[in-house]
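Subject: Structure handover

Hello,

Here is the structure you asked about. Please open it beside this email and follow along.

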Amino acid sequence: MKPAADRPETGPLASSSGEGRQQMAGATASQSSHGTVTRGADTVIFQPTFPPVSPAAESVPMPSAPAESSLDVAAPAFTLLDRDHSILSFNERVLDWAHRKEVPLIERLRYLCIVSSNLDEFFEVRAAPHLIAGSAGDHKGTYTVESFERLAEAAHKLVARQYTLYNDELMPTFATHGIRIISHGERNPAQRKWVAEYFEREVRPLLIPVGLDPAHPFPQVANKSLNFIVRLGGKDAFGRENPIQIVKLPRVLPRLIKMPAKVSEGKTLFVALSSVVRAHLGSMFPGREVGDFSQFRVTRHSDLAVDEEDVKNLRTALRQGLQHRHYGQAVRLEVSASCAESLASFLLAQFNLPPEALYRVHGPVNLARLTQLADLLDEPQLRFPPYRASYPVTLSSGQSFFEQLQRGDVLIHQPFESFEGVLAFLREAVQDPQVLAIKQTIYRTGADSEMMDLLREAVRRGKEVTVVVELKARFDEEANINWAEMLESIGAQVVYGVVGLKTHAKMLLVTRREGKQLRRYGHLSTGNYNPRTARLYTDISHLTADPLLTADMEAVFVHLASQSRLPKLNRMWLAPFDLHKNVIAQIDALGVAAAAGQPTRIVAKMNALTDDEIIASLVRAGQKGVKIDLIVRGACTLPAQVPGVTDNIRVRSVIGRFLEHSRVFYFRNGEEEALYLSSADWMNRNMMRRVELAWPVTDPGLRQRLIDECLVAYLHDGRDAWDLGADGTYTRVDHDTHSGEAGASPVVEAHGAQAALMNRYASRGHLRDASSN
């Protein structure tokens with residue numbers, strides 16, 4: 001789990017292995033009450049926190065928040081938690097999955113790799129300001145010498161935990177299954193012969209050592225590439241003593257190579273590319289003596305900075321920027337633990353890095369590449385049991401989407417329900433001759449996308465296709481540029497959004513002729529239009545024919561294309577215009593109601609909470625008696641449960657088999673409820689520097705389903721949840737945290753929300769398949 005957020009390669013795809021014996025509480029309700037009903041497999045496990053208005057089928061209550069704090073006590077000042085340390089803390093929680101014995105071994109390795117990938121992105125994006133301040137000796141401001149030193153200390157501890165786990169637990173456990181990565185010293189003569197042949201055939205032709213002298217300065221070393229530094233004795237062919245050589249290993253070479261059965265002695269053996277090169281360094285420098293050497297890897301600042309106000313063509317400017325991304329400012333240096341001090345100091349000087357930026361590691365310098373080991377192993381018993389998402393249970397695969405949406409809205413809870421429902425909607429729109437226009441936003445869709453192929457087919461069929469492509473989606477810039485160029489080349493209208501803002505909203509709007517009128521059908525989502533991540537991330541897709549909501553979507557598309565003044569929207573909140581102020585207004589209104597004695601409630605689920613103004617409004621509301629639960633997967637700078645300040649606010653993070661990604665905001669004032677879905681986290685960048693959407697779910701049954709599945713289940717999670725303390729530390733929950741409340745059943749087992757949802761949708765899918773047969 002990016003996180004590197006939104007990014008397929010970096011998200012913490014944590015697991016709920018072995019859980020879910022207790023089924024998830026009911027999903028849909030006909031009314032907006034919080035009653036309690038037991039029905040078949042959907043065993044209710046939660047009890048109401050206040051009397052229901054009228055019991056609703058398959059509905060569950062919102063768990064109670066902590067007791068109110070005194071309204072008369074003035075709030076003492078408090079300090080927000082540090083965002084960067086909160087990100088590292090998130091990765092600690094992901095790493096916990098790699099420690100869990102009940103998690104299948106290959107999956108434990110994957111979690112270890114995910115943390116390494118997340119750390120790579122953390123250093124690429126977040127480390128430079130701290131490093132610059134540390135090097136400059138700054139002691140005032142957000143970034144200082146002290147902030148750099150504290151961050152370096154925390155990162156070093158996390159990396160040390162990773163390699164201890166890798167060396168002391170994971171690899172020895174793999175060995176018990178006959179799976180090993182063997183070093184040169186462990187290889188027998190036959191294995192050494194095979195490795196030597198592989199080196200000569202596949203590796204040596206791609207290597208060119210570079211000797212350093214006045215004519216050959218230190219070479220450009222690409223971001224996160226694998227390299228060797230070698231100290232040689234003797235003299236070169238010209239009689240000179242140039243002792244330092246750099247060997248760059250091409251990215252095209254696999255980092256792990258599986259040895260053939262003929263030399264594996266009945267086991268599953270691998271050799272690391274670094275070990276192959278290390279064993280043959282001597283043969284690369286004939287006539288010279290190889291002395292000290294080490295593998296090394298440098299991480300560079302990689303966040304693209306383009307002055308959009310000063311470029312004539314953003315796409316061209318970004319493509320040029322991509323060419324230089326791999327050679328930005330160095331921020332971290334990784335070397336082997338045995339690297340000689342002289343070589344380490346030499347490399348630090350070359351990259352202009354302080355000693356705190358040096359990471360000596362006991363193993364491969366890039367643990368993220370060990371995902372290749374997981375991919376190469378054919379050991380299903382060491383993996384999670386495969387999960388097959390059900391086709392959306394409220395959709396009929398044999399019936400037109402347009403007919404179904406005319407009867408009412410549809411929600412798809414991914415990945416428990418399949419993203420195929422969204423693709424099928426677009427597929428029907430493309431094939432329907434009555435559909436005249438399709439408009440869509442693209443943030444991350446991947447390099448190989450059926451959705452893009454469908455849009456291309458729509459253009460071929462003569463439909464008006466407008467695509468808002470966000471070129472600045474971090475680390476997806478190149479893929480998006482390629483899609484934009486392809487769509488433009490075949491006649492689609494491609495828009496790049498608004499200068500200075502990222503278009504992060506997820507919308508798909510279809511306009512269809514029906515008789516003498518045009519009718520719109522829309523899809524809104526908390527996540528990206530990426531079929532791969534839709535199998536790995538929890539998100540909500542909302543399909544609707546609501547004329548007010550689809551009119552809002554149309555207005556936003558026109559605004560993005562023409563940059564004309566945005567009309568007053570019917571139901572949507574749009575950043576950077578009113579999303580931020582409306583969220584704060586909702587929170588403040590509940591504070592006023594709570595002070596007047598009304599029962600009030602806020603439950604919000606998101607990926608990150610770092611916006612100072614929203615945090616201030618939450619603190620104010622909590623001090624007036626609003627009961628607040630925040631489910632924040634990653635960075636959170638709001639300290640929960642601070643006596644006299646945030647007593648009424650609880651914060652928890654849930655890390656499961658899937659990356660938690662849905663954004664759901666629930667506000668209750670007395671018996672009035674409002675629930676919004678959103679593309680935005682509660683971060684300043686989302687509110688002020690992006691085009692983001694939040695929209696209400698007004699259907700009572702659908703709203704209750706979201707309450708049950710996205711909020712209640714996570715507040716009761718007793719297996720995958722972590723609660724945030726006042727000091728900024730997270731404590732893992734190992735029991736149903738609301739089981740002691742009045743009316744709760746004492747026999748309810750602690751459950752994992754994701755595992756319960758998997759079981760619930762699997763059972764419903766089986767029932768659906770059986771009924772269709």
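Is Phe 218 buried or exposed? Phe 218 is buried, because its relative accessible area is 18%. Buried means under 20% relative accessible area, exposed means over 50%, and partly exposed is in between (1.4 Å probe, protein chains only).

Some ground rules come next. This is a predicted model, where local features need pLDDT of at least 70, side-chain atom pairs count only at pLDDT 80 or more, and totals for chains, interfaces and linings use all residues. Residues are numbered from 1 along each chain as its sequence is written, and side-chain values use heavy atoms, with hydrogens and water left out.

Helices (H or I, at least four residues) and strands (E, at least two) are DSSP runs, numbered from the N terminus.

**Aromatic rings**

Rings of Phe, Tyr and Trp (its six-membered ring) pair if their centres lie within 6.5 Å. Planes under 30 degrees apart count as stacked, over 60 as edge-to-face, and the rest as tilted. The count by this rule is 15 aromatic pairs.

One of them joins Phe 218 and Phe 346. This pair is tilted, at 6.1 Å centre to centre and 55 degrees between the planes. Phe 218 lies in the loop between strand 2 (210-211) and strand 3 (227-233), and Phe 346 lies in helix 10 (residues 341-350), so the pair ties together parts that are 128 residues apart in sequence. Phe 346 is partly exposed, with a relative accessible area of 25%.

Another pair is Phe 416 with Phe 658. Their ring centres are 5.7 Å apart and their planes stand at 85 degrees, so this pair is edge-to-face. It also links distant parts of the chain, 242 residues apart. Phe 416 is in the loop between strand 10 (410-414) and helix 13 (420-431). Phe 658 is in the loop between strand 21 (649-654) and strand 22 (659-660). Both Phe 416 and Phe 658 are buried.

There is a cluster too: ring pairs link Phe 218, Phe 296, Phe 346 and Phe 351.

**Charges over rings**

A charge sits over a ring if NZ of Lys or CZ of Arg is within 6 Å of the ring centre and within 35 degrees of the ring normal. Arg 93 has its charged end over the ring of Tyr 730, 3.8 Å from the centre. Lys 605 lies over the face of Tyr 714, 5.2 Å from the ring centre.

**Strand 25**

How many residues of strand 25 are buried? Seven of its seven residues (690-696) are. Arg 690, Glu 692, Ala 694 and Pro 696 point one way. Val 691, Leu 693 and Trp 695 point the other way. In a regular strand the side chains alternate between the two faces of the sheet.

Two strands pair if DSSP finds at least two bridges between them. Look at the partners of strand 25:

- Strand 14 (residues 502-503) pairs with strand 25 in the parallel sense, over two bridges. Thr 503 has Val 691 as its bridge partner.
- Strand 18 (residues 573-575) runs antiparallel to strand 25, with three bridges. Trp 573 stands opposite Ala 694.
- Strand 24 (residues 672-678) is antiparallel to strand 25, also with three bridges. Leu 677 has Trp 695 as its bridge partner.

Six strands form an open sheet in the order 2-4-3-7-8-9, with mixed pairing. Strand 2 and strand 9 (358-361) are the edge strands, and each pairs on one side only. Strand 8 (residues 330-336) and strand 9 are parallel, over four bridges. Val 335 in this pairing has Arg 360 as its bridge partner in strand 9.

**Positions from the UniProt record**

UniProt positions use the numbering given here, feature names are shortened, and annotations may be inferred rather than shown by experiment. The unreviewed entry lists His 504 for "active site". His 504 is in the loop between strand 14 and strand 15 (507-514). It is buried, at 0% relative accessible area.

For "binding site", the unreviewed entry lists Asn 118, Tyr 537, Arg 633 and His 661. Asn 118 lies in helix 2 (residues 105-126) and counts as buried at 1% relative accessibility. His 661 is in the loop between strand 22 and strand 23 (663-669). His 661 counts as buried at 0%.

Best wishes
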